[in-house]
Amino acid sequence: MKDLPSSQPNKRPFLIRIGKALRPVFNKLIARDSLIPNTPVLDPDIFPWTQILQRYWQDIAREFHTLNAAGTAIPPLRALSPDHTRIAPDTRWKSFFLYGYGVKVPENCARMPKTAELISRIPDLNSAFFSVLEPGAVIPPHYGVTKGLITCHLGISVPRNADDCWIRVAGQKLVWHNGQCLLFDDTYQHDVHNNTSDTRIVLLMQIQRPTKGMGRIVQNLFLNGIRRSAFVKDAQHNIAQWNQLQGTMKAA
């Protein structure tokens, strides 16, 4: 199975570069007006929808495993988003998108109707995708784009030796558990290692941070700008192209 043809960009899109330069200012305003704690790791119970996902996690896992058993190819993240090449140095980090920056991927959601219905209930959902880390995969230390987003991982298939498959957020080492949510602020430095012979699968969701006042205004302006940028548009095009390619190959 060949990956999508992609070329590494010489530099990040203009908006992303400007946003990165101004990130400390934006993040300070968002943090000041945040309605939830600004700690690196958060209690999932602050969002009631995490309880719903945890209740139905086996249904979500069943849909993913059915998809996988049917031979559906899961694309490497770097093939969908060349901007992620630095933190996805090889093809061992794969992603199956249901939503990307507020845009639904209809054909993928149709393949996983129960999962799609569950995540459609999440207020202020930004992105949702299955994040698949193959044995030996490493995501090097990096920072998220904006404090305006909170990341949630729902454990779907965690390696048997969980202590050798972990995420470190602001120096705090965390492990996943099947059927449990892990919530964190990815603007703190974080890295991921799968030092096992098993594949780690989580449902990764990003939602807008609850904020008020000027922090909310800045957050919305920044996220709307990202959604209109080449960074997102290129990824959306690549997802559509990948799905079209898979459909053509199945029909052949």
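At 10% relative accessibility, Phe222 counts as buried, and its ring forms a tilted aromatic pair with the ring of Phe26, at 5.5 Å centre to centre and with 55° between the planes. The model described here is a predicted one, and its secondary structure comes to 8 helices and 11 strands. Of the 252 residues in the protein, 51% are buried, and among contacts between residues at least 6 apart in sequence, 77% join residues at least 24 apart.

**Aromatic pairs and charges over rings**

- The count of aromatic pairs comes to 4, and one of them is the tilted pair of Phe26 and Phe222.
- Phe26 belongs to helix α1 (residues 14-32) and Phe222 to helix α7 (residues 213-227), so their pair ties together parts of the chain that are 196 residues apart in sequence.
- Whereas Phe222 is buried at 10% relative accessibility, Phe26 is partly exposed, its relative accessible area being 22%; the cut-off for buried is under 20%.
- The rings of Phe97 and Phe129 have centres 4.4 Å apart and planes at 25°, so this pair counts as stacked, the limit for stacking being planes under 30 degrees apart.
- Phe97 lies in strand β2 and Phe129 in strand β4, so that the pair links distant parts of the chain, 32 residues apart, and both residues are buried.

**The open sheet**

- An open sheet is formed by 7 strands in the order β1-β9-β6-β11-β4-β2-β3, with antiparallel pairing.
- The edges of this sheet are β1 (41-42) and β3 (103-104), each of which pairs on one side only.
- Within the sheet, β2 and β4 pair in the antiparallel sense over 6 bridges, and the bridge partner of Phe96 in β4 is Phe130.
- In a regular strand, side chains alternate between the two faces of the sheet.

**Nonpolar cores**

- The largest nonpolar core has 34 residues, and those with the most contacts inside it are Leu53, Ile119, Phe130, Leu154 and Met205.
- At least two residues of this core come from each of several elements, among them the helices α2 (49-55), α3 (57-69) and α6 (113-119) and the strands β2 (93-100), β4 (125-133), β6 (149-157), β9 (181-184) and β11 (200-208).
- The largest share, 5 residues, is supplied by α3.
- Leaving aside neighbours within four places in sequence, Met205 is in contact with Trp49, Leu53, Ile119, Ile122, Leu125, Ser127, Ala128, Ile150, Thr151, Cys152 and Leu154.
- In soluble globular proteins, nonpolar side chains tend to be buried together.

**Ser127, a buried polar residue**

- Ser127 has its place in strand β4 and counts as buried at 3% relative accessibility.
- Although Ser127 and Gly102 are 25 residues apart in sequence, their C-alpha atoms are 6.1 Å apart in space.
- The side chain of Ser127 makes a polar contact with the side chain of Asn126, at 3.1 Å.

**Strand β7 and its two partners**

- β7 pairs in the antiparallel sense with strand β10 (residues 190-194) over 5 bridges, where the bridge partner of Ile167 is Val192.
- β7 also pairs in the antiparallel sense with strand β8 (residues 172-175), over 4 bridges, and here Trp166 has Val175 as its bridge partner.
- β7 and β8 form a hairpin with 2 residues between them, and in the turn Ala170 has a positive phi of about 50°.

Methods:
Residues are numbered from 1 along each chain as its sequence is written. This is a predicted model: local features need pLDDT of at least 70, side-chain atom pairs count only at pLDDT 80 or more; totals for chains, interfaces and linings use all residues. Side-chain values use heavy atoms; hydrogens and water are left out. A nonpolar core is a set of buried Ala, Val, Leu, Ile, Met, Phe, Trp, Tyr and Cys residues joined through side-chain atoms within 4.5 Å. Buried means under 20% relative accessible area, exposed over 50%, partly exposed in between (1.4 Å probe, protein chains only). Contact means heavy atoms within 4.5 Å. Two strands pair if DSSP finds at least two bridges between them. A polar contact is a pair of N or O atoms within 3.5 Å; within protein, one must be able to donate a hydrogen and the other to accept it, and residues adjacent in sequence count only if both atoms are side-chain atoms. Rings of Phe, Tyr and Trp (its six-membered ring) pair if their centres lie within 6.5 Å; planes under 30 degrees apart count as stacked, over 60 as edge-to-face and the rest as tilted.
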